[in-house]
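Here is a friendly walk through this structure, written as numbered points. Keep the 3D view open and find each part as you read.

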Amino acid sequence: MKRSLLPGLPMVALPLLGLCVFFLHPLLSVLMRSLVDDGGTLTLDNYARLLDDPGLPRAAWHSVVIGATTTLGTLAIGLCVAMALHRSRLPGKALIRGALLLPMLAPSLVLGLGLVCLLGRNGLVHRLTGWPTDIYGFWGLLLANLMYGLPQVVVIVSAALERTPARHYDAAASMGATPWRQFVDVTLPRIRFALWAAAFLVFMETLTDFGSAVVVGGNYRVLAMEIYSEVVGQRDFAMGATLGVLLLAPALLSVWLGRLARRRQDLGDASPGHALRPEQHPWRDAALGGVAALAALSIVVTLGTVVYVSVVRLWPYDRTLTLANYLGGMPEGYGPMATSVGMSLLAATVGVVGVFMLSAGLRRLPGWLARPLQVLAALPAAVPGMVLGLGYVLAFNHGVLSTWLYGSVAIVAACSLYHYHAPTFLTMQTGMRRVPDALEDAVAVCGGDTRHVLRDAVLPFAAPAAISAFFYLFMRSMVTLSGVIFLVTADLGLASVSVMRLDENGFLAPAAAYATCVVAAGGLALGAMRLLLHTLRDRRHVA
Amino acid sequence: MHLRIDDITKAWSGHTVLDGVSFQAGESDLVCLLGPSGCGKTTLLRIVAGLTPPDRGRVILGDRDITALPPRDRRMGLVFQSYSLFPDMTVAANIGYPMRLRRESHAAIAARTSDLLARVGMGDLHARFPDQLSGGQQQRVALARALASDPAMLLLDEPLSALDPAIRAQLRAEIRSLQRSLGIPTLMVTHDQDEALSMADTVVCMNEGRVEQVGSPRCLYERPRTRFVAGFVGKANLLPTTLVRDALPAFLERRPPGAEATFELCVRPEDLTIAADPHGEGVVEELTFLGSLAHARVVWRGRSLLVELPGRSTLAQGEAVTVDVSRGAWVTT
């Protein structure tokens with residue numbers, strides 16, 4: 001036989017090498033560092049030290065409490081909002097959708113920043129009414145996390161609601177089921193697993209989020225804050241790594257459970273049938289609409305406050321409007337912004353090419369080889385950004401690769417790329433499934449080689465997924481904070497880190513200006529993506 | 001060109017899908033691989049196309065062993081069941097694709113494309129995109145593209161299965177006449193016995209990875225060799241040897257030697273004649289009117305028989321009848 005037995009292998013080789021060097025290697029570095037003492041001998045002392053400091057068990061407890069309350073809260077509100085979007089006759093659904101997009105475009109700390117400006121000790125509400133507001137601590141963190149997690153729950157639950165065809169409701173109604181019984185008997189069973197999947201996702205994200213905690217957490221210390229203090233404050237990498245492993249365990253568990261839930265998820269009927277047209281039901285619409293409007297309004301007001309703060313002279317004392325914060329108020333200028341854009345473009349470009357090759361190659365590998373590789377490609381979802389970032393410090397600050405990578409844009413791009421590798425890979429894989437096998441065979445029979453198969457059969461079907469994956473990576477890289485916080489150096493600033501530094505130093509207005517720029521860049525990218533996908537749908541090329 | 005399949009064997013993860021399959025096809029014949037789904041016929045076609053390597057055996061085209069040749073060097077034209085046209089290329093671009101891969105001149109591609117378009121009756125639709133065509137039109141384009149590479153052989157993988165019955169019948173005739181006029185050897189996979197009987201020069205009837213019988217459509221229908229072929233190609237009444245000995249002793253003399261249970265007599269519904277007779281041994285259980293024909297289910301000597309009658313037959317349900325058998329073929333069980 002002239003043909004190679006594993007024709008997919010050359011395609012997956014480079015992406016796999018990337019995963020090993022830039023994902024597995026840092027991850028194992030963290031694990032190793034937590035298991036050795038300063039002399040380098042294997043020990044469990046680091047784990048014993050966890051209990052020496054009473055702050056650490058308390059932080060762990062705080063993380064679990066905030067994770068659980070945020071999860072329950074976002075599920076309840078998210079279900080209402082998704083129902084309002086898909087099972088009501090509410091007007092203005094587009095406005096709610098638009099408001100829910102906003103948190104996805106912003107670094108998580110921007111919501112915290114908005115809350116501080118609005119409800120902090122010196123916030124807008126206090127200034128206007130004189131009420132003694134103080135948002136720092138549990139409630140502030142909860143609010144910021146709720147707003148951050150809500151859109152993700154709505155997206156997942158909405159997808160499940162859209163997959164339920166109208167005929168199930170027609171059947172239930174024809175048998176005399178009331179709207180409430182239809183909800184219990186038709187809707188709930190079909191979104192059960194989506195709810196579980198969303199719950200595990202939000203729990204994991206809240207548990208590992210750093211941005212909100214650093215801005216509004218105040219004295220309510222959580223694990224992510226402790227890792228940051230150990231590494232940046234006390235240079236205690238061993239302790240940071242140990243805490244990272246501690247954070248990794250529940251994150252791994254919840255991602256694994258979330259995957260199980262997603263796999264059990266009802267995939268919908270083969271024939272979706274006609275779209276559901278909800279019946280007239282004013283009370284239902286009023287209740288769902290109330291919750292949805294409140295949620296959307298909270299997000300808009302919080303982010304609106306950030307934009308407002310960005311255009312006042314000296315927050316909160318001198319509130320005359322000015323563009324000074326955009327024109328010169330930033331100590332480092334727009335440099336970090338430019339670095340962020342460049343880094344994100346690099347991460348998105350390399351990421352999409354790599355993930356495309358990986359998922360196209362995996363289709364050509366036998367199942368026993370492809371399945372473990374798929375798990376590896378999806379594994380980064382279970383690794384908190386902070387743990388990965390710490391791993392990069394441990395793995396690349398010394399050793400052979402450090403001369404090229406230390407303090408470079410490339411290493412930050414790699415960290416962003418592999419932090420968000422799993423969703424990118426899953427998007428691309430879903431796109432690849434749309435490629436008809438017959439088309440790939442047709443190219444081979446017509447006389448084409450692998451290059452032609454990819455260009456003529458795979459790409460036309462996978463292009464929308466590739467575009468989505470590219471912009472997803474770009475937007476996430478623009479706003480990521482937890483993964484890159486350890487990687488920035490004096491010479492290498494990033495937009496999201498600048499927001500945090502300005503906020504830490506009390507420069508709220510310049511911080512807000514910077515945050516607004518980041519959100520605007522995200523919005524532009526989102527617009528570009530929609531435009532591109534839209535034109536692609538109409539595009540035909542005559543070869 | 002002459003195709004020879006020699007002892008092809010293939011297993012997927014321990015499950016044998018093809019078990020020593022051998023047959024030959026004539027110079028410009030249309031050969032149908034007929035069998036139920038899962039019998040291995042598509043795997044065999046893919047092995048001939050070079051898309052799947054066999055575990056054992058040889059594929060010989062003309063006097064060349066092509067078993068180890070990659071698909072692009074085999075010069076096969078392949079038509080799939082569906083979804084094999086490039087969605088972002090026009091009809092003309094789809095047909096020109098194999099020629100472009102071989103870097104033929106623009107003029108040559110244009111000339112050949114318009115010739116093929118005319119042959120499949122799609123000349124005025126050359127600028128359309130696949131999603132603007134009906135299923136039948138898409139298959140015509142796929143056929144034209146398969147012929148564009150000037151193939152040594154045409155391979156059709158259930159090309160009509162995804163189409164409406166009316167279009168299917170029309171395309172059947174078109175493919176057949178196109179294949180005859182080009183004289184191109186063709187291998188077609190189908191699970192539809194009507195398709196196989198009406199189109200093929202030779203039918204290879206397959207079951208569970210083995211060849212059951214090879215022969216002309218008529219031969220398979222009139223002289224099935226196995227119980228499977230008798231039941232899969234057309235409708236069959238299978239009568240055990242004991243019953244034949246009691247009721248139809250005349251058929252015994254052509255029975256091949258062997259134990260009682262190894263052979264059964266296959267009687268086609270149209271080879272049974274029934275006539276109303278109050279003393280007859282059969283009873284009409286059920287009548288199905290089919291227009292020009294009618295099917296009767298007759299209980300006779302404890303067995304249920306399917307009998308074909310003219311549509312105008314005046315027999316009624318519950319009537320007693322005599323049963324007469326005009327011809328039958330012995331099949332192995």
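1. Let us begin with chain B as a whole. Among the contacts in chain B with a separation of 6 or more, 66% are between residues 24 or more positions apart. Please keep in mind that this is a predicted model. Chain B contains 9 helices and 18 strands. Its C-alpha trace spans about 80 × 45 × 35 Å along the principal axes, and 42% of its 333 residues count as buried.

2. Next, look for the open sheet in chain B. Its 6 strands follow the order β6-β7-β8-β3-β9-β10, with mixed pairing. Which are the edge strands? They are β6 (76-79) and β10 (210-215) of chain B, each of which pairs on one side only. On average, and with direction ignored, neighbouring strands of this sheet are turned by 15° against each other. Helix α4 (residues 135-148) of chain B packs on the sheet, where it touches β6 and β7 (153-157) of chain B. The direction of this helix makes about 170° with that of β6(B).

3. Now zoom in on one pair of strands from that sheet. Strands β3 (residues 30-34) and β9 (residues 202-207) of chain B run parallel and are joined by 4 bridges. As background, strands of a sheet pair through backbone hydrogen bonds, either parallel or antiparallel.

4. Strand β1 (residues 3-12) of chain B runs antiparallel to strand β4 (residues 56-61) of chain B, and 5 bridges join them. Here B:Leu3 stands opposite B:Leu61 in β4(B). β4(B) also pairs in the antiparallel sense with strand β5 (residues 64-65) of chain B, over 2 bridges. In that pairing, the bridge partner of B:Ile60 in β5(B) is B:Asp65. How many residues lie between β4(B) and β5(B) in their hairpin? There are 2 residues between them, and B:Gly62 in the turn has a positive phi of about 65°.

5. Over to chain A and a pair of helices. Helix α4 (residues 93-105) of chain A packs against helix α13 (residues 282-310) of chain A at an angle of about 45°, and their axes are 9 Å apart. That angle makes α4(A) oblique to α13(A). The two cross in a left-handed way. From α4(A), the residues that meet α13(A) include A:Leu95, A:Ile96 and A:Ala99, while A:Ala292, A:Ala296 and A:Ile299 are among those on the α13(A) side. By class, this contact has 11 nonpolar, no polar and no charged residues.

6. Helix α15 (residues 335-363) and helix α20 (residues 421-432) of chain A pack at an angle of about 50°, with axes 9 Å apart. α15(A) and α20(A) are therefore oblique to each other. Their crossing is right-handed. The contact includes A:Gly351, A:Ser359 and A:Arg363 of α15(A), together with A:Thr424, A:Phe425 and A:Gln429 of α20(A). Its residues divide into 7 nonpolar, 4 polar and 1 charged.

7. Leaving out residues up to four places away in sequence, A:Gly217 touches A:Leu141, A:Val222 and A:Met225. A:Trp139 is 78 residues from A:Gly217 in sequence, yet their C-alpha atoms are 8.7 Å apart.

8. Follow the chain on into α11(A). Its buried residues include A:Leu223, A:Ile227 and A:Val231, and also A:Glu226 and A:Glu230. Among the elements covering the buried residues of α11(A) are α3 (55-86), α9 (179-208) and α12 (237-264) of chain A. Just after α11(A), A:Arg235 takes a positive phi of about 55°.

9. Finally, see where the chains meet. In total, 20 residues of chain A are in contact with 24 residues of chain B. On the chain A side, α21 (437-446) and α22 (450-479) are the elements that give two or more residues. The largest share, 7 residues, comes from α21(A). By class, the side of chain A that touches chain B has 11 nonpolar, 4 polar and 5 charged residues.

Definitions and conventions
Residues numbered from 1 in each chain as written. Chains lettered and ligands numbered in written order. Predicted model: local features only at pLDDT ≥ 70, side-chain atom pairs only at ≥ 80, totals over all residues. Axes fitted to C-alpha atoms, helices over the stretch in contact; angles between N-to-C directions. Parallel < 35°, antiparallel > 145°, perpendicular 65-115°, else oblique. Left-handed = near helix turned anticlockwise from the far one by under 90°. Contact = placed C-beta atoms within 7 Å. Nonpolar A, V, L, I, M, F, W, Y, C, P; charged D, E, K, R; others polar. Pairing = 2+ DSSP bridges. Buried ≥ 20, exposed ≤ 12 C-beta atoms within 10 Å, placed from the backbone.
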